[in-house]
Amino acid sequence: MKKNCPFCTKTIIKNERVYESPYSQILYNIKPIYQGHVLVMPKAHRGSINDLTKKEIADIFNILIKSNQILKLAYKKRSSIILIQDGKEAGQTIPHLHIHVIPMDVSNKTKKILREAQESSRRKSLSKENMKREIKILRE
């Protein structure tokens, strides 16, 4: 846990967490690019994919695969975007490793969504009600 990291903040974890495993957790993105946009991340503060332990790597990728399957079912999508922005120059805005998983239809929106992933400061946050609704969909 790092003091100034939003992904290490208990309130954010409580309000946005969809699922947790021994080493990882899934948070619903407060500023989703598209409905169903979640973040898979280690529970421990890790800035980069290179900082993960072997146990964390195995756990995160198991959760990543399961979350991808669940998102496609829950939102009735055939495809998804899985994105890691590793480092500030790659567009990482929060220095806690997180993997974006975004369920998608087959469409031409992909380029737009990838651009928006790098512009998270421009996206609006979900209301508490919308956040609760999205988490309920995924938990069911």
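1. The largest nonpolar core has 17 residues, and those with the most contacts inside it are Tyr-28, Val-38, Val-40, Val-101 and Leu-138. Such a core is a set of buried Ala, Val, Leu, Ile, Met, Phe, Trp, Tyr and Cys residues joined through side-chain atoms within 4.5 Å. The elements giving two or more residues to this core are strand S2 (24-28), strand S3 (38-42), H2, strand S5 (99-104) and helix H4 (128-139). H2 gives the most, with 4 residues. Helices (H or I, at least four residues) and strands (E, at least two) are DSSP runs, numbered from the N terminus.

2. This is a predicted model, in which local features need pLDDT of at least 70 and side-chain atom pairs count only at pLDDT 80 or more, whereas totals for chains, interfaces and linings use all residues. Residues are numbered from 1 along each chain as its sequence is written, and side-chain values use heavy atoms, with hydrogens and water left out.

3. An open sheet of 5 strands, with antiparallel pairing, has the order S1-S2-S3-S5-S4; two strands pair if DSSP finds at least two bridges between them. Strand S1 (17-20) and strand S4 (79-84) are the edge strands, each pairing on one side only. S1 and S2 run antiparallel and are joined by 3 bridges, and Arg-17 stands opposite Leu-27 in S2.

4. H2 has 21 residues and reaches 30 Å from its first C-alpha to its last, close to the 30 Å expected at 1.5 Å a residue (the expected span is 1.5 Å times one less than the number of residues). Its buried residues (under 20% relative accessible area, with exposed over 50% and partly exposed in between, 1.4 Å probe, protein chains only) are Glu-56, Asp-59, Ile-60, Ile-63, Leu-64, Ser-67, Asn-68 and Leu-71. They cover an arc of only 170 degrees around the axis, which puts them on the same side of H2; the arc is that of the directions from the helix axis to the C-beta atoms. On the other side of H2, Lys-54, Lys-55 and Leu-73 are exposed.

5. Ala-74 lies in helix H2 (residues 54-74) and, at 29% relative accessibility, counts as partly exposed. Not counting residues up to four places away in sequence, Ala-74 touches Ile-137 and Leu-138, where contact means heavy atoms within 4.5 Å. Just after H2, Lys-76 takes a positive phi of about 55 degrees.
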